[in-house]
Amino acid sequence: MSGELASGFTIVAGSQISLALAISALLFVIGLVGFLCRRNMIIMFLCTELMFQGAALAMIAFARMRMDVSGQVFVIFILTVAAAEAALALGLVVLLYRRRETLSSDAWSELGES
Amino acid sequence: MTAAGSIPQAVIAPELAWVGLAILLPLLSAILCALCAALRVKSKLPALITTVALAGSCFVIVKAYFAYSGPVEVPIFQWITFEWGDGKFQSFTADCALYIDSLTLYWMLFVTGLGTLITIYASEYMEEDCGKGYSRFFFGMSIFLFSMGALVMGDNLVMLYLGWEGVGLASYLLVGYYYERPSAVEAAKKAFIMNRIGDLGLALGIFMLWCNYGTLQYGELFAAMKDGGQTSVDWDLSVIPFLLMIGAFGKSAQIPLFTWLPDAMEGPTPVSALIHAATMVTAGVFLIARMYPFFELHPQALATVAWVGGSTALVAATIGMAQYDFKRVFAYSTISQLGYMFLGLGVGTTFGACYHTLTHAFFKALLFLTAGAIMHGFAGQLDLRKLSGLRQMPGWRIVSWTMLVGCLWLSAFPYTAAFFSKDAILFKALTSERGDFRFLGWVGLATAGLTAYYTFRVWFRICAGPVHYEAGPESHDQSHDQSHDQSHDKGKPDPTPEGESHGAFHPHAPRWAINGVLVILAIGAVVVGFPAYGHVFAHKENWVQAMMASSSAYQGACLESDHGTGAAVHTQTVLGLDPHTGLTIVGSTASIGGILIAWYFHLYSRKSADQLRAALLRRWWIRWVPICMENRWYVDEIYLACFRLPMWIGAQILNFGDRHFLDGVLVDGLAKFPIAVGKVFRPLYSGALQSYAITMTGGVALVLAWVTWIWLRGFN
């Protein structure tokens with residue numbers, strides 16, 4: 001029963017997995033392109049969150065495929081950490097904005113040759 | 001050689017350790033003055049400490065003089081001891097101990113006495129620096145007296161060397177006292193470096209002494225000479241006096257190392273009086289007197305000393321004739337008089353040399369202190385053409401008359417103390433069996449005439465004639481004016497309004513400390529003539545001669561003692577007369593003649609001096625004389641061309657090599673490699689956030705593509 005169930009799931013999941021992975025890849029690429037193209041720091045931060053969620057979705061999909069909950073547990077942790085990190089990052093963005101009166105990331109380029 | 005045989009063997013006397021206080025007190029005073037400087041004491045406390053300490057030191061020496069019965073060695077503590085075997089040359093000891101004989105006491109009597117007097121003078125002279133450099137000044141004076149004590153009283157040559165370097169250091173610190181003035185710093189460095197050249201000779205001489213005798217302790221050295229019977233003069237031994245001589249020439253400003261002394265006048269005048277006239281510069285004379293037996297080792301050693309002394313006396317006197325800065329005139333006269341002392345040592349009369357040291361110490365300190373009082377009162381005026389008639393100005397009489405005493409003594413006016421001391425030297429030279437010594441004696445006599453001329457040139461210009469004065473370069477100095485006003489306001493309110501006191505210059509006359517010291521020194525200059533008066537008029541033994549004869553300065557090979565008892569058989573005559581009478585006549589003539597010439601040119605008709613100078617300059621065959629004299633015979637320039645310039649060029653070449661090869665090619669060249677590598681990668685780090693992201697994404701993409709490619713290939 002378990003084998004049937006497993007094989008049935010596999011078949012069902014097979015089509016669903018590729019869909020989930022496709023969505024995850026789409027989310028990641030949207031995030032990546034957004035990160036590379038935009039200069040607004042808040043948008044860039046949102047894009048990193050998108051990439052995060054893309055990766056998390058892929059993890060859930062694989063966990064579902066392997067019938068293993070640890071992937072989902074990871075995702076819950078990721079979400080928690082991401083929430084904390086979002087709070088921090090937004091705080092940073094606000095501070096950076098106060099310094100330069102702009103949200104553009106071009107305002108921060110001290111590391112390079114001026 | 002019988003010279004060493006006549007030196008009495010020193011007795012070890014630990015119970016006389018209290019004489020060490022004469023050195024210890026100045027050292028304590030130096031420490032206290034340093035504390036005052038650290039605590040920023042604003043009062044005259046350092047002067048008080050130093051005066052008390054030096055007076056105590058002087059008292060100790062006087063007490064030691066009266067307790068003295070023969071040469072003693074006083075051990076104080078063990079200082080340096082090395083042993084690397086049992087043999088004679090396998091140990092080295094230099095104890096902190098005192099060697100007290102009559103020469104030591106003689107020297108210390110006038111060093112500590114003059115040190116005390118000049119410190120009292122300085123307490124008033126330096127009062128403008130109260131709270132600023134006051135403690136530093138008296139620290140320098142104390143450390144000088146400490147070092148001089150170690151030099152003179154030390155039991156061995158290591159202690160002498162310690163003192164020798166210590167007085168050099170004190171001289172450096174005090175010449176460079178006004179360290180904001182570049183010329184003072186320059187002069188301090190010059191004095192220090194030229195002394196170092198001499199000190200090299202002294203150090204090598206001390207090394208040679210140790211190599212030959214295995215000891216540096218005076219008593220043992222003299223005993224070793226006596227036992228060794230230095231009949232064979234080998235190179236090692238004969239080089240010793242020449243090396244020691246170089247040290248003496250450096251310290252006592254003789255040719256060729258004399259140019260530092262005139263520049264050393266940049267220091268405060270009490271320093272010039274004490275260190276650069278009365279005491280430190282006589283250390284060379286002391287060294288030769290102390291080591292006299294070793295100078296008799298080589299027949300040419302003393303002749304060299306005589307020649308150097310005689311020529312220095314003449315050259316310095318000619319320079320002194322043509323200077324307008326009266327402090328410089330006195331500086332050159334110091335060099336010239338030191339030349340006489342070396343002449344005396346060289347021709348074999350340590351008595352004459354040391355007696356002249358004593359008389360010179362008094363009258364030259366007196367002259368410098370009067371010069372200082374004038375300079376102090378006229379805001380640093382040193383040009384003798386810009387001061388006149390001080391004798392008639394209120395408050396300046398003591399200065400004028402004591403200066404006259406100093407000038408009479410310096411020009412060896414008949415029957416002054418310096419007349420007899422100079423006479424002793426010239427007598428010995430003129431009655432010598434050596435023709436070149438007799439020649440040097442005549443040179444010395446001619447120099448005596450020049451000395452009288454330039455000395456009275458100063459006095460007739462400054463103290464005699466119509467009253468006229470101009471303020472010196474410091475009259476616009478705000479701080480000077482303030483303190484000058486304050487010092488006068490203390491007693492009575494200044495009638496001149498504040499606005500005028502800055503416009504019109506008022507010389508301020510010296511007060512009790514300066515005047516008192518001047519009078520005491522003038523009396524002292526008279527008193528130091530008493531030994532000679534006693535000898536000449538009462539036929540008593542000259543005290544100075546007795547002091548010299550019982551010390552290491554006693555000379556074995558000469559007829560000095562016969563001269564003392566009047567039993568000498570003089571083979572030489574002076575101008576066909578008995579040497580005594582002849583020399584008295586010739587010496588007096590030189591002195592009075594010089595004074596009369598000075599009177600004519602610098603008091604009777606002052607214009608004629610300028611006319612004479614112009615007349616000399618018009619004649620091509622004689623014009624080089626005044627030009628060379630005014631330019632100090634171009635000795636500084638010759639040294640510049642011969643030593644300083646080549647060294648400067650060498651330094652520039654080394655500097656160029658260091659900068660462009662060592663630093664440029666090796667160090668900077670190697671450093672260029674990482675810089676070049678960095679330049680290649682630097683564009684990657686633009687600072688723009690997105691460029692990093694693109695690089696990273698691209699990198700990840702490339703890695704992914706590679707992994708995929710390998711994976712696909714593995715599939716096939």
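Which residues have the most contacts inside the largest nonpolar core? They are Trp107(B), Met291(B), Phe326(B) and Ile374(B), in a core of 187 residues. The model is predicted. Chain A and chain B bury about 910 Å² between them. Over all chains, the structure holds 15 salt bridges.

**Nonpolar cores**
- Ile374(B) touches Phe326(B), Leu387(B) and Leu390(B), among others, with neighbours within four places in sequence left aside. Its other contacts on that basis include Trp396(B), Val399(B), Met403(B) and Ile462(B).
- A second core of 17 residues is separate. Ala303(B), Val347(B), Phe427(B) and Val586(B) are among its members.

**Chain A**
- Chain A has 3 helices and 0 strands. Its pattern along the sequence is α-α-α.
- Of its 114 residues, 24% are buried.
- Take the contacts in chain A between residues at least 6 apart in sequence: 58% of them join residues at least 24 apart.
- Chain A has an accessible surface of about 7,700 Å². Carbon and sulfur atoms account for 73% of that surface.

**Interface between chain A and chain B**
- Chain B supplies 11 residues to the contact, and chain A supplies 12.
- Carbon and sulfur atoms carry 62% of the area buried between the chains.
- There are 0 salt bridges between chain B and chain A. Polar contact joins 4 residue pairs, with both residues at pLDDT 80 or more.

**Salt bridges in chain B**
- Arg511(B) pairs with Glu127(B), with the closest N and O atoms 3.2 Å apart. The two residues are 384 apart in the chain. Arg511(B) sits in the loop between α20 and α21, and Glu127(B) in the loop between α3 and α4.
- Arg511(B) is partly exposed at 34% relative accessibility. Glu127(B) has 18%, so it counts as buried.
- Glu266(B) and Arg181(B) form a salt bridge at 3.0 Å, N to O. Glu266(B) lies in the loop between α9 and α10, and Arg181(B) in the loop between α5 and α6, so the bridge ties together parts 85 residues apart in sequence.
- Glu266(B) is buried at 16% relative accessible area, whereas Arg181(B) is partly exposed at 33%.
- Asp436(B) and Arg434(B) also meet in a salt bridge, at 3.0 Å, N to O. Asp436(B) is partly exposed at 22%, and Arg434(B) is partly exposed at 30%.
- Shared partners link salt bridges into one network. The network joins Arg181(B), Lys190(B), Asp263(B), Glu266(B), Arg328(B), Arg632(B) and Asp636(B).

Key:
Residues are numbered from 1 along each chain as its sequence is written. Chains are lettered from A and ligands numbered from 1 in the order in which they are written. This is a predicted model: local features need pLDDT of at least 70, side-chain atom pairs count only at pLDDT 80 or more; totals for chains, interfaces and linings use all residues. Side-chain values use heavy atoms; hydrogens and water are left out. A nonpolar core is a set of buried Ala, Val, Leu, Ile, Met, Phe, Trp, Tyr and Cys residues joined through side-chain atoms within 4.5 Å. Buried means under 20% relative accessible area, exposed over 50%, partly exposed in between (1.4 Å probe, protein chains only). Contact means heavy atoms within 4.5 Å. Helices (H or I, at least four residues) and strands (E, at least two) are DSSP runs, numbered from the N terminus. Accessible areas come from the Shrake-Rupley method with a 1.4 Å probe; for residues, only the protein chains shown count as cover. Buried area is the accessible area (1.4 Å probe) that two parts lose on being put together, summed over both. A salt bridge is a side-chain nitrogen of Lys or Arg within 4 Å of a carboxyl oxygen of Asp or Glu. A polar contact is a pair of N or O atoms within 3.5 Å; within protein, one must be able to donate a hydrogen and the other to accept it, and residues adjacent in sequence count only if both atoms are side-chain atoms.
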